[in-house]
Structure formats: structure tokens, C-alpha cells
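I opened a notebook page for this one and jotted things down as I looked them up. Here are my entries, in the order I made them.

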Amino acid sequence: MVDREHFDVFDRSGDIVKAISECVFLTTRSGEKVNTMAIEWGTIGNLWAKPVFIAFVRSSRFTRRMLDENPEFTVNIPTGPYDRKIFKVCGGKSGRDTDKVSEAGLTLTEGEKIGVPGIMQLPMTLECKVIYRQEQDVSLIPDDIKGRFYPHRSDRDHDTDEDDHVMYIGEIVSSYVLS
Ligand SMILES: Cc1cc2nc3c(=O)[nH]c(=O)nc-3n(C[C@H](O)[C@H](O)[C@H](O)COP(=O)(O)O)c2cc1C
């Protein structure tokens, strides 16, 4: 049986922000398809009197398509060492042509308040419902950041780490640690 130890997200905000900078995961679901990607850009905070998680997902990601089809996600945060295969598969392959759940050996648990599952191997879980999204206007970004992160080379296709981000703001509707 799965146990969920609930916590107040602002009591653990320091741990969460530190974990983001080291790499956490974002899981989406559309129909029967579940997909997880590695993220290290994002933050938590307080907006419109709600606790929120803000994620930056490049337009080319399969995850972007999943979020547009079903605007819910879980953030999956490791609480100790975990199988590096999860990092390699979820940060290096696309759900467009890979079943990352099976290839990375992820054990899914049902969501509590949303349809997107949590992941036993990445137990700290934030369940989020998208309440706002915005495509970036790269022209407003300082040149040094633009040159480094948005070079927009036309000789590349998708998954280039060069295209614009979409910012997704998810209301955190539940937060817990799985065991
Ligand atoms: C450590 C790490 C952090 C990453 N952070 C982000 C991120 O914040 N936003 C993003 O769009 N891609 C990020 N990526 C890239 C995606 O995880 C990668 O392109 C993934 O294959 C996309 O999967 P998808 O096509 O199934 O959505 C990161 C990759 C790694 C390895």
C-alpha cells in the first residue's frame, strides 16, 4: 500500500528550490500516455493567494504537447540517491518516440487530486494544476542570456535546447512524500 505523508509546501521550500537546481522531474499524462522529463529551471512561490510551481518548458518538448492536452503535472523530487537510468532516460530521451516510464523502470502511483501519477522512486511529490501559461517574448531578454540560451539556429530541428520556453504556472493542490 502507498503511504502519502503530506506537508506544507512552504515548510519545505528551501529543500525544494535546492533540489530543483540539482534536477527534479515533471510528469504529465494525456489519455493513457504518461511521460516524465528532467527539469532544473523552475521555482515555487505565492501567486494569486495560491502556492504555485512555475516551470519553463521549451516549446519543442513532447511535455509541452502533453501539458497543452491535459494542463496538470506532478513535480517528482528525489529525497536521496536514485537510479541514474531515470536521469539519463527522462533527461535525454523524448516521450515522442520512447515509453520513458517503462524504459526508466518508473513505478507510478495514482494522483490524489489530479489524474497525473506520482513516482515511487522520486517520492517528494507536488500535484499541480496549470492556472496560467505564457509563451516567452525572447526580445525582452537581455542579450547575454539570449545568446546563451536562445540562439535559434535554423540548421537544427527539435530538442535543440535553443527554442523558446513556455512558462507554466501550476497551482500546487497537494504535496506529499510517498513511501
Ligand atoms: C538536468 C536537466 C535539466 C533539464 N531542465 C529542463 C528544463 O527546465 N526545461 C526544459 O524544457 N528542458 C529541460 N531539460 C531537457 C529535457 O529534460 C529533455 O529534452 C527531455 O528529453 C524532454 O523530454 P520530452 O520530449 O519527453 O518532453 C533538462 C535536461 C536535463 C538533463
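I began with Tyr82, which touches Gln121 and Leu122, leaving out residues up to four places away in sequence. By contact I mean C-beta atoms, placed from the backbone, within 7 Å. I then checked the C-alpha atoms of Tyr82 and Leu122: they are separated by 7.7 Å, though the two residues sit 40 residues apart along the chain.

A note on the source: this is a predicted model, where local features need pLDDT of at least 70, side-chain atom pairs count only at pLDDT 80 or more, and totals for chains, interfaces and linings use all residues. Residues are numbered from 1 along each chain as its sequence is written.

Where does Tyr82 sit? I found Tyr82 in the loop between β6 (72-77) and α3. Helices (H or I, at least four residues) and strands (E, at least two) are DSSP runs, numbered from the N terminus.

The cut-offs I used, with C-beta atoms placed from the backbone, are 20 or more other C-beta atoms within 10 Å for buried, 12 or fewer for exposed, and partly exposed in between.

Next I looked at the whole protein chain. I noted five helices and ten strands. Of its 179 residues, 30% count as buried. Residues 24 or more positions apart make up 72% of the chain's contacts with a separation of 6 or more. The C-alpha atoms fill a box of roughly 50 × 40 × 30 Å, taken along the principal axes.

Terms used: Two residues are in contact if their C-beta atoms, placed from the backbone, lie within 7 Å.
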